[in-house]
Amino acid sequence: MTEKVTAAGAADAERSLSRRDQILQAASELFARYGFHGVGIDDIGAAVGVSGPALYRHFRSKDAMLAEMLTGISDKLLLGGRSRVDTAGDPEAALDELVRWHVEFALTNPALITVHLRDLDSLSEPDRHRVRESQRSYVEVWVRVLRTVRQDLDEHTARAAAHAVIGLINSTPYSAHLDVAAMSALLHRMALDALGAGHRS
């Protein structure tokens with residue numbers, strides 16, 4: 001009996017998590033299209049087939065959705081970047097993996113990038129601070145790897161280069177001229193060239 005209850009509880013938890021993800025995905029698409037302040041709770045509910053108030057079973061407010069959305073992507077980028085660096089065979093491979101990771105993220109999450117660029121200031125101060133801290137930590141991962149590959153760069157130049165390349169990759173939501181594979185290859189090549197590491201790839 002205990003096993004059945006445990007299994008049922010696990011299944012319910014999985015369904016609940018999946019529903020939260022569905023809500024966040026729908027909200028991100030709407031926020032990207034109309035802006036955070038241009039979307040109501042009823043709009044998000046309609047996008048996932050429920051009434052607006054039904055969403056309060058999963059999130060306490062629209063603001064909480066935005067907070068989870070933006071802190072979530074910042075944490076995901078940081079953890080993913082660290083993981084790829086830790087498993088890379090050498091500094092050149094680590095830099096290549098960082099570029100590939102950010103390109104992959106940008107091309108598969110264009111709505112989230114748009115929301116982040118436009119609506120970060122709509123977060124509460126504590127949530128905005130958490131996002132900024134994760135972002136700074138993520139950039140420092142790039143800086144450490146880049147300075148190992150490019151020993152001619154000082155810390156400030158390496159940090160400026162990292163910000164510039166991340167900004168280049170994040171511009172992809174505004175470009176629909178190439179398919180995903182072609183855009184991925186283009187961004188990967190451009191990013192490495194911009195970092196002065198293209199000849200090493």
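This is a predicted model: local features need pLDDT of at least 70, side-chain atom pairs count only at pLDDT 80 or more; totals for chains, interfaces and linings use all residues.
1. Overall composition. The secondary structure of the protein amounts to 8 helices and 0 strands. Along the sequence, the pattern accordingly reads α-α-α-α-α-α-α-α. Of the 201 residues in the protein, 41% are buried. Among contacts with a separation of 6 or more, 67% are between residues 24 or more positions apart.

2. The annotated region. The unreviewed UniProt entry assigns the annotation "DNA-binding region" to residues 40–59. In the model, this span is 35% helix and 0% strand. The assignment itself comes from the record.

3. Helices H3 and H6. Helix H3 covers residues 62–87 and helix H6 covers residues 125–149; their axes come within 9 Å and cross at roughly 20 degrees. H3 and H6 are therefore roughly parallel to each other, and their crossing is left-handed. On the H3 side, the contact is made by Ala67, Leu70, Thr71, Ser74, Asp75, Leu77, Leu78, Gly81, Arg82 and Val85. H6 contributes Asp127, Arg130, Val131, Ser134, Gln135, Ser137, Tyr138, Val141 and Val145. Sorted by class, the contact of H3 with H6 comprises 9 nonpolar, 6 polar and 4 charged residues.

4. Helices H3 and H4. H3 also packs against helix H4 (residues 91–108), at an angle of about 150 degrees and with the axes 9 Å apart. Because angles over 145 degrees count as roughly antiparallel, H3 and H4 are described as roughly antiparallel to each other. The crossing of H3 past H4 is right-handed. Ile73, Lys76, Leu77, Gly80, Gly81, Arg84 and Val85 of H3 meet Ala94, Glu97, Leu98, Trp101, His102, Glu104 and Phe105 of H4. The contact of H3 with H4 includes 7 nonpolar, 3 polar and 4 charged residues. Leu77, Gly81 and Val85 are listed in the contact of H3 with H4, and these residues are also listed in the contact of H3 with H6.

5. Helices H6 and H7. Helix H7 spans residues 155–170, and H6 packs with H7 at an angle of about 120 degrees, their axes being 9 Å apart. That angle makes H6 oblique to H7. The crossing of H6 past H7 is right-handed. From H6, the residues involved are Tyr138, Val139, Glu140, Trp142, Val143, Leu146 and Arg147. From H7, they are Glu155, Ala158, Arg159, Ala161, Ala162, His163, Val165 and Ile166. By class, the contact of H6 with H7 has 10 nonpolar, 1 polar and 4 charged residues. Tyr138 takes part in the contact with H7 and is also listed in the contact with H3.

6. Leucine 95. This residue lies in helix H4. Leucine 95 is buried because its relative accessible area is 1%, against a cut-off of under 20%. Apart from neighbours within four places in sequence, leucine 95 is in contact with Val145, Leu146, Val149, Leu192, Leu195 and Ala197. Leucine 95 and glycine 81 are 14 residues apart in sequence, with 9.8 Å between their C-alpha atoms.

7. Alanine 197. Alanine 197 is located in the segment after helix H8 (180–194). With a relative accessible area of 3%, alanine 197 is buried. Its contacts, not counting residues up to four places away in sequence, are with Leu95 and Leu192. Leu192 is also among the contacts of leucine 95. The C-alpha atoms of alanine 197 and leucine 146 are separated by 9.0 Å, although these residues are 51 residues apart along the chain.

8. Alanine 88. Alanine 88 occupies the loop between H3 and H4. Its relative accessibility is 22%, and alanine 88 therefore counts as partly exposed. Aside from neighbours within four places in sequence, alanine 88 is in contact with Ala93 and Ala94. Ala94 is also one of the H4 residues that meet H3. Between the C-alpha atoms of alanine 88 and leucine 98, which are 10 residues apart along the chain, the separation is 9.8 Å.

Technical notes:
Residues are numbered from 1 along each chain as its sequence is written. Side-chain values use heavy atoms; hydrogens and water are left out. UniProt positions are given in the numbering used here, feature names are shortened, and annotations may be inferred rather than shown by experiment. Helices (H or I, at least four residues) and strands (E, at least two) are DSSP runs, numbered from the N terminus. Axes are lines fitted to C-alpha atoms, for helices over the stretch in contact, and angles run from 0 to 180 degrees between N-to-C directions. Angles under 35 degrees count as roughly parallel, over 145 as roughly antiparallel, 65 to 115 as roughly perpendicular and the rest as oblique. A crossing is left-handed if the near helix is turned anticlockwise from the far one by less than a right angle, and right-handed if clockwise. Contact means heavy atoms within 4.5 Å. Ala, Val, Leu, Ile, Met, Phe, Trp, Tyr, Cys and Pro count as nonpolar, Asp, Glu, Lys and Arg as charged, and the others, Gly among them, as polar. Buried means under 20% relative accessible area, exposed over 50%, partly exposed in between (1.4 Å probe, protein chains only).
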